[in-house]
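Biologist: I'd like to learn how to read a model like this one. Could you walk me through it, feature by feature?

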Amino acid sequence: MSSSSPPNSDDSGKKHPLDAMGAFFSAQVNRRKLVTTQKLAMSERCTSCGDDFPGCAHRPADRKAWMAELGPDRLRLHQVVWPGTHDSATNKIGIPFITRPFAQCQSLSVYHQLALGCRLLDVRVQEERRVCHGVLATYSVDVVLDDVLRFLSETVSEVLVLEIRTEFGREDPPDFAKYLVERLGEHLIPQDEAVFHKTVAELLPRRVICVWKPRKSPAPGRGEPLWSAGYLRDNWIDTDLPETKYESNLKFLGQQPPARDRRYLYRVENTVTPQADNPVVCVRPVTNRIRGYARSFIAEAFAKGLGDRLQVFSTDFIDGDFVDACAGVTKARVDGAA
């Protein structure tokens, strides 16, 4: 009598473990092929669109003070293309060579990022006031604020945006808004939509827009020292595919009004995120799939008529060339060339 069980199954009708394993490896191979295809597409795209845009040749004399170089009485906040970092305070997260590669998005301290020219920080915290990225925690947020205060003490007219949010799945630190105000005090620019059309000189000596994004605690209100979540927006998508992210960034940027007409900051993140279904899950090799195309993205945004919408541009593992590109567009706007 012949068996009624389907091929490649056991007597209970379940698929054989080897079949499941084969399906898994087949999916992995297909996934790698898709990543390779998109990496090639990005390279071809870069070749075709180039990296020419208003201000592309600009190199600040001193990146630490690139805003001052443009003139505090000339530079308005809505003209700035803010060079930002993603998961800014992860330079020492996790255990080196063990868990760190899975969570580290920056290799520089917050101070050295600011000195390099970064002007927007993205910091995630948990209930004990420690910086975290997912399940991994690192140093106290005091380290971040000490670095910010050090930078402010060494510069005169550099304005920065400090975004601090409670990490997903974690609890708000107790009395955190009060703590931020106590630490940053006189440097804080109060929540006011009119700020975006003011010059840096009109804001001085206040130089920090601090956006506090709690999960459950009350959000900051109008006129308060801190800014609420709605003043820093983005359309982040969770993917490790570079062209998918690049296209998404262009699509959502195109749906925004020009920066001069906004009463909020809009962020584009030139990053991709490791995925569990891919054999490569360390941050640096994954994000490098898109990281080198920042100038190409700016050039294509201008070619598509979206250059006036660029405002916050963030990256993993920030470098000087990324800062120069953002500062260049900013200078072009101040000079009336963009």
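Biologist: Where should I begin with contacts, and what percentage of them join residues at least 24 apart?

Modeller: Start with sequence separation. This is a predicted model, and among contacts between residues at least 6 apart in sequence, 75% join residues at least 24 apart.

Biologist: Is phenylalanine 102 buried, partly exposed or exposed?

Modeller: Compare its relative accessibility with the cut-offs: under 20% is buried, over 50% is exposed, and partly exposed lies in between. Phenylalanine 102 has 43%, so it counts as partly exposed.

Biologist: And how does serine 248 come out, buried or exposed?

Modeller: Serine 248 counts as buried because its relative accessibility is 9%. You'll find serine 248 in helix α7 (residues 242–254), where it touches Asn235 and Ile237, again not counting residues up to four places away in sequence.

Biologist: Now a whole helix, please. How many residues of helix α9 are buried?

Modeller: Count residue by residue. Helix α9 spans residues 294–303 and is mostly covered, with eight of its 10 residues buried. Among them are Phe297 and Ile298, but also Arg295 and Glu300. Just after α9, look at the backbone: glycine 305 has a positive phi of about 80°.

Biologist: Zooming out, what share of the protein chain is buried?

Modeller: Buried residues account for 51% of the 338 in the protein chain. Its accessible surface is about 15,100 Å², and carbon and sulfur atoms hold 54% of that.

Biologist: How many helices and strands are there, and why call the chain as compact as a globular protein of that length?

Modeller: The protein chain has 10 helices and nine strands. Its radius of gyration is 23 Å, close to the 20 Å from the globule rule for 338 residues, so the chain is as compact as a globular protein of that length. For the extents, the C-alpha trace spans about 90 × 50 × 35 Å along its principal axes.

Biologist: Last one: what does the UniProt annotation cover?

Modeller: An unreviewed UniProt entry annotates residues 73–213 as "domain: Phosphatidylinositol-specific phospholipase C X". Over that stretch the chain is 24% helix and 23% strand, with its end C-alpha atoms 31 Å apart.

Technical notes
Residues numbered from 1 in each chain as written. Predicted model: local features only at pLDDT ≥ 70, side-chain atom pairs only at ≥ 80, totals over all residues. Heavy atoms only, no water. Helix = DSSP H or I, 4+ residues; strand = E, 2+ residues; numbered from the N terminus. Rg over C-alpha atoms; globule rule 2.2 N^0.38 Å. Buried < 20%, exposed > 50% of the residue type's maximum accessible area, 1.4 Å probe, protein only. Contact = heavy atoms within 4.5 Å. Areas by Shrake-Rupley, 256 points an atom, 1.4 Å probe, with all protein chains shown as cover. UniProt positions renumbered as here; feature names shortened; annotations may be inferred.
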